Amino acid sequence: MMFVAAGVALVVAMMLFLARALLGPTVYDRILAMNSLGTKTVLLLALLVFIHDRPEFVDIALVYALVNFVATLALLKLVEHGRLS
Amino acid sequence: MTDRWIVELLLAVVVVTAVGVVRARNLLVASVLLGIYSLVMALIWTAMEAYDVALTEAAVGAGISTLLLIGALIRTGSRIGGSKERDAPRIDKVALAVAVLTGAALAYGTLDMPAIGDPTAPVHVHPKVARHYIDRSMEETHVPNMVTVVLASYRGYDTMFETCVVFTAALGVMVLLRRRRPPAEPAPGEMREQAIFVVMTRMTVPFVLAYGSYVITHGELGPGGGFQGGVILAAGYLIYALVYGLAAAQRALPPRLTDVGAGLGVLIYAGVGVACLLLGGDFLAYDALNQADPAKGQQLGMTLVELGVGLTVACVMVTIFNEVAQP
Amino acid sequence: MTGAELLTAVLLGAGAFVALTSALGVLRMPDFFSRIHPAGENESLGQTLIIAGLIVAAGPGGTALKLLLVWGFLMMTAPAATHALTRAAWQDGRRPWSRDDDGPAPPTPPRAGGAST
């Protein structure tokens, strides 16, 4: 039950971050919001496997944490240098 | 279902994000929002307990597809204004009407579908498909993760041709986009000269590579397998390439090697099938690999084809990144 | 409720509180540079509290180890991402908003050329 309560709180927080991502106004605000959303997603993924009492699937949160960072890094490289190489 | 609330809130988030993607005038903004869309989808799959799908969405949708969209923006020369954005959506009424009608028709179509998780749904009671997988997969293969058994063994043909599709994508990218000249060295002051990135790369990349190998080889026990593990392996390369520059990354892992690896993975997969044929079984019927104990043969076959898939996927992701990263 | 469950509930509650306040901060702060502060709170303190709560719930074992890895990875990547983001914004000519400025929007001086550290 406490997992569900924390999960709902995280989803509400995600909605606020999403509002920032949609409002902008600059692309940096959007990337900041996306990055925070990514962290929230990792936590919510971890919470969800506990809600379902399948903690062995916490791998999903780990994979997400690894891969999401690549996207953030690429976006930052693009906005700073205009290329990925 | 105690987490019903979470799923419904997340679905609302997906809808809002989708509208945001359509309304965004700047393609970079649309890419960022699509990244958010995909991360929420990974959450929904997890909330619905589709862990293998969630893992794939997390591996591919979240990181790699954003990267490919960015690559497409670079290679098409789209103007990526750092701070300038135009937000003045024009709405074509005809297109909007068509989209709304199509959406309504699709929503109407779902009314006839069985409820989510309904155990009496036709797809779950077919005696030769679903029932067979559920009742016999443990006995026939001794592998606890039924999803891996279905993908790698019962429907091995599907997965083999999916691997071929991935390989074909790499071929297409090579033919269309490959440049002869080597990538330029990064200018001074870039990420590789900032201590925070160097330290972070050194501490994370070895771990990412080890974890990717783990996911490829343990697909029969937990969620994951060749596809997800391959993407994670590629993610390790991508972090290195983004921080140290493409030139350094290609010195560490020459494109010639990944070209060979992409083909080799498909060859391993098909080769396992041919080996089954030569040992007297059917193509990709792994029972033939171990006549004394067919379950052991199944496990060996699945491990080998997962290795093939992982190799192809990792090499293809690296190749595509190599080709799109240069402007 | 056992002691471990109570500890989990307290940690998750605190984590959820930090998550909500930081989300509110990101939404309400006046400009990009001030929004980094609440976002950083979420990415360090918020995630530490929630993962600590889950580790207590999981008990010692493989799951706790994986959660620890998640924590370590987030702790390593989040500051790097924030650093790069702020740097990119600065080099793009964005400057922090201050009360002396006219209007709510942050000023945008001409683009700072070259690479500065």
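Chain C and chain A together bury about 3700 Å² in this predicted model, and 78% of that area lies on carbon and sulfur atoms; buried area here is the accessible area, taken with a 1.4 Å probe, that two parts lose on being put together, summed over both. On the chain C side, Leu27(C), Phe73(C) and Leu85(C) give up the most area to chain A, together 15% of what that side buries. In terms of contacts (heavy atoms within 4.5 Å), 44 residues of chain C meet 41 residues of chain A.

The model is predicted, with local features needing pLDDT of at least 70 and side-chain atom pairs counting only at pLDDT 80 or more, while totals for chains, interfaces and linings use all residues. Residues are numbered from 1 along each chain as its sequence is written, chains are lettered from A and ligands numbered from 1 in the order in which they are written, and side-chain values use heavy atoms, leaving out hydrogens and water.

Turning to the other interface, chain A and chain B bury about 5200 Å² between them, with 81% of it on carbon and sulfur atoms. Here 47 residues of chain A are in contact with 64 residues of chain B. The salt-bridge count between chain A and chain B is 0.

Chain C itself holds 3 helices and 0 strands, where helices (H or I, at least four residues) and strands (E, at least two) are DSSP runs numbered from the N terminus. Its order along the sequence is α-α-α. Of its 117 residues, 44% are buried, a label for residues under 20% relative accessible area, with exposed meaning over 50% and partly exposed in between (1.4 Å probe, protein chains only). Among contacts in chain C with a separation of 6 or more, 55% involve residues 24 or more positions apart.

Of the 327 residues in chain B, 46% are buried, and 68% of contacts between residues at least 6 apart in sequence join residues at least 24 apart. Chain B exposes about 16200 Å², with 68% supplied by carbon and sulfur atoms.

One residue of chain B gives a handy local view. Ile216(B) belongs to helix H9, which covers residues 195–217 of chain B. Ile216(B) counts as buried because its relative accessibility is 7%. Leaving aside residues up to four places away in sequence, Ile216(B) touches several glycines, including Gly225(B), Gly226(B), Gly229(B) and Gly230(B), and also Leu233(B), Glu306(B) and Leu307(B). Gly310(B) is another of its contacts; the C-alpha atoms of Ile216(B) and Gly310(B) are separated by 6.2 Å, although these residues lie 94 residues apart along the chain.

How values were computed
Accessible areas come from the Shrake-Rupley method with a 1.4 Å probe; for residues, only the protein chains shown count as cover. A salt bridge is a side-chain nitrogen of Lys or Arg within 4 Å of a carboxyl oxygen of Asp or Glu.
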